[in-house]
Amino acid sequence: MRANHLHDADKAHLVHQQTDLKGFAVDGPLLMAEGDGVHVTDTEGRRYIEGMAGLWCAGLGFSEKRLAEAAYRQMLKLPYYHTFYGRGHGPSAELAERLAAIAPAGLNHALFQCSGSESNDAAIKLIWYYNNVLGRPHKKKIIGRMRGYHGNTVAAASLSGQPHMHADFDLPYGGRFHHISNPNYYRAHQEGETEEDFSARMAAELEALIAAEGADTIAAFFAEPVQGGGGALTPPRGYFEAIQPILRQHDILLVADEVICGFGRTGAMWGSETYGMRPDLLSCAKQLSAAYQPISALLISDRIHDALVRGSERNGVLGHGYTYGGHPVACAVALETLKIYEERDILGHVRRVSPAFLDGLAAHADHPMVGEVRGVGLIAGVELMADKATRTPFPAARKAGLLVQRKAEAEGLILRAIGDRIAFSPPLIIDEAEIAELCARFGRALDAAWAELSASAEPALA
């Protein structure tokens, strides 16, 4: 238990999200007080390298004064206005124009929300609306992937292939929402199966699902270019090349969930560029404002927009929107964020430091509890294994990933255990010296966790 009066207040009154609440009642929270560059400092004065950029999103770190100043200027000028009923304001118009200019080809229109969850939820609604306008009322099913993560609203959580997010919530998991396998090559490949062969098998599974459900009932396929909540998992070679022709053949929309990957995380503006995706809709958030303001965008193609216009004509109005969607302060901060990305060549910086990051983590591949290290740009996942020769995982009860996370915290490093995958997504501004320190602290955390696990009598570690 951490000794601080704020911890008592937190434990008594705040319900923490995606948290083991029983364990939390014992351990209490880790509360952050300050941030500086790639570091954060807790309320007890301990300083950490933030290896997850918060929740994948603080791309410019935790002390970018230009963003604070942009928010302040806009608050003094116009602190709030909306985009309902044909009204709006300058920052939202400018941001929509800027996003259309940098978006993948054909995504010329933007809707604004406050979070990635809302953006994906809006995408689902608009896809259903689109098919109704086209006279296809049965083409409504959405396909996601196991371990995929698309948000916590009812529809986005149903689409997410995260069983713990479905348990006891009575979400509409079946019916309109279906899932194919998680494309984790390391864990799921068969003996002698190449990545390309594995991707072909994943594509065949998609094709079989479409055949079973009927292509005329399936509206869209959602995919993160790199799975975030699935453990910072990059796709196997040939994956999207195998998936996309099937979608086009059956007139199934492709939605790229770029909430984590967008704005440089993979070394390109979009993860879609990195992996050759050609989406019909694209959701983005997090690094859109470098997390300094809550904002997300859903980018849509002309054909989706044309259907919205036709539906609005038929119904008298487009019956969709959010009170704070396109908030002027959030839009102003997002615009300043995009300016900084361009002025400082953040994409080029990510590409320059990525080898140090990926090689530094890969240097731990020989560690006895590391099965695989896989990443791109400044996002990576480390697979933990009890016996990597046989790909035997740790028993779930050992909570190996959480143990590594706790040992890293003790070393002054924030990372994230997603099951027994360790995820890394540091601020985009991290430099090579900071990367070296991050990797060194991770190595010490692995050693400490392995020593504790090995000291037990668990047969899996014999």
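**Figure 1. The second largest pocket of this predicted model has a volume of about 740 Å³.** The model shown here and in the other views is a prediction. A total of 27 residues line the second largest pocket, and T83, F84, L111, L318 and H320 are the ones that lie nearest its centre. Which elements each supply at least two residues of this lining? They are α5 (90–102), β4 (107–113) and α12 (302–315). The largest share belongs to β4, with five residues. Sorted by class, the lining holds 13 nonpolar, 13 polar and one charged residues.

**Figure 2. Helix α12, part of the pocket lining in the view above, also crosses helix α6 (residues 116–133).** Two packed helices are described by the angle between their axes and the distance between the axes. For α6 and α12, the axes come within 9 Å and the crossing angle is roughly 70°, so the two helices are roughly perpendicular to each other. Their crossing is left-handed. On the α6 side, look for L126, Y129, Y130, N132 and V133; they meet R303, I304, A307, L308, R310, G311, S312, R314 and N315 of α12. This contact brings together seven nonpolar, four polar and three charged residues.

**Figure 3. Helix α9 (residues 195–213) and helix α10 (residues 239–249) cross at roughly 20°.** That angle makes α9 roughly parallel to α10. The axes of α9 and α10 come within 8 Å, and the crossing is right-handed. Which residues of α9 meet α10? S199, M202, A203, L206, E207 and I210 do, and their partners in α10 are Y239, A242, I243, I246, L247 and Q249.

**Figure 4. Helix α15 (residues 400–410) meets helix α16 (residues 432–454), with axes that come within 8 Å.** How are α15 and α16 set relative to each other? The axes cross at roughly 130°, and the two helices are therefore oblique to each other. As for handedness, the crossing of α15 and α16 is right-handed. From α15, the residues in contact are A400, L403, V404, K407 and A408, while α16 brings F442, A445, L446, A448, A449, E452 and L453. The contact of α15 with α16 counts 10 nonpolar residues and two charged ones, with no polar residues.

Conventions. Residues numbered from 1 in each chain as written. Predicted model: local features only at pLDDT ≥ 70, side-chain atom pairs only at ≥ 80, totals over all residues. Heavy atoms only, no water. Axes fitted to C-alpha atoms, helices over the stretch in contact; angles between N-to-C directions. Helix = DSSP H or I, 4+ residues; strand = E, 2+ residues; numbered from the N terminus. Parallel < 35°, antiparallel > 145°, perpendicular 65-115°, else oblique. Left-handed = near helix turned anticlockwise from the far one by under 90°. Contact = heavy atoms within 4.5 Å. Nonpolar A, V, L, I, M, F, W, Y, C, P; charged D, E, K, R; others polar. 1 Å grid on protein atoms, 1.4 Å probe; cavity = no way out; pocket = protein on both sides within 12 Å on 5 of 7 lines; lining within 4 Å. Points joined across faces, edges and corners; volume = space filled by probe spheres on them.
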